[in-house]
Amino acid sequence: AKALLRGIVPLFFYNMRGYTLIELLIVIGVIAVLSTIVIFRFSSVDQYAAVNNASATITHDIRQVVTNAEQGRLLNGVAVFGYGIHFLYQNNNAHYILYANPSNVSEMQFKDGESSIIADRDFVETESLPNIQIDKCDSTPCDLFLPTDQRTIFLGGIAAIQDLNLKIQNKKTKEERTLVFDYQTSQVHEE
């Protein structure tokens, strides 16, 4: 019977004993290297997404402030003097507040205890979340303020005569986005 099977079934099936330990270790090593490459690829995608999300959030918030001011939108049924964004740093964390100044507060910037906070955004600086730097603000905190009765934009309490640049940077990957707020058109675009 063996002689009959030898003619039908190739010889290497009879001599096969399985894989050697070295062959198995090589396969495991190749799988480990490939999985490491995939993991690093996906982690950089997450960090890229963090900068994009921060950019989209800030752009949306600036547009919301502009729209509220241009339409003279009431806050809780009360007329407001204007709307703004208060940029500041706390413990090296980028942080900003969307606020409205009631009509009795005729300041062009955030007043703690007097301004009405609409939203509070905190971009905690970790390895993957971005750091936000505000260009053309001489001091921190810095305010972008739009009164409801005029088309003037105030930067740090002074009428703006140039665009506001917001640089969003991931400190780990050094990836950057720059948002430009055009003071003449009240538009935000990415540079």
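Two salt bridges are found in this predicted model, a salt bridge being a side-chain nitrogen of Lys or Arg within 4 Å of a carboxyl oxygen of Asp or Glu. Residues are numbered from 1 along each chain as its sequence is written. Because the model is predicted, local features need pLDDT of at least 70 and side-chain atom pairs count only at pLDDT 80 or more, while totals for chains, interfaces and linings use all residues; side-chain values use heavy atoms, without hydrogens and water.

**Salt bridges**

Side chains of opposite charge can pair when their charged atoms come close. The table lists the pairs.

| R121 and D61 | 2.8 Å | 60 residues |

Helices (H or I, at least four residues) and strands (E, at least two) are DSSP runs, numbered from the N terminus. D61 is buried, with a relative accessible area of 0%, whereas R121 is partly exposed at 26%. Here buried means under 20% relative accessible area, exposed over 50%, and partly exposed in between (1.4 Å probe, protein chains only). In the other pair, R177 is buried at 11% relative accessibility and E190 is partly exposed at 46%.

**Overall organisation**

The chain has three helices and ten strands, and from the N terminus on its elements run α-α-α-β-β-β-β-β-β-β-β-β-β. Of its 191 residues, 36% count as buried. The accessible surface comes to about 12000 Å², with 56% belonging to carbon and sulfur atoms; such areas come from the Shrake-Rupley method with a 1.4 Å probe, and for residues only the protein chains shown count as cover.

**The hairpin of β9 and β10**

Strand β9 runs antiparallel to strand β10 (residues 187-190), and four bridges join them; two strands pair if DSSP finds at least two bridges between them. The two strands form a hairpin with four residues between them, and S186 in the turn has a positive phi of about 60 degrees. E190 in β10 is the bridge partner of L179. L179 is also touched by T59, as is V188, leaving aside residues up to four places away in sequence; contact means heavy atoms within 4.5 Å. T59 lies in helix α3 and is buried at 11% relative accessibility.

**Nonpolar interior and surface**

A nonpolar core is a set of buried Ala, Val, Leu, Ile, Met, Phe, Trp, Tyr and Cys residues joined through side-chain atoms within 4.5 Å. The largest one has 27 residues, and those with the most contacts inside it are I58, I62, I85, L144, L146, L166 and F181. Two or more residues each come from α3, β1 (80-90), β2 (93-102), β5 (142-147), β8 (164-169) and β9 (176-182). The largest share, seven residues, is that of α3. Apart from this core lies another of eight residues, including F81, L88, M108 and F110.
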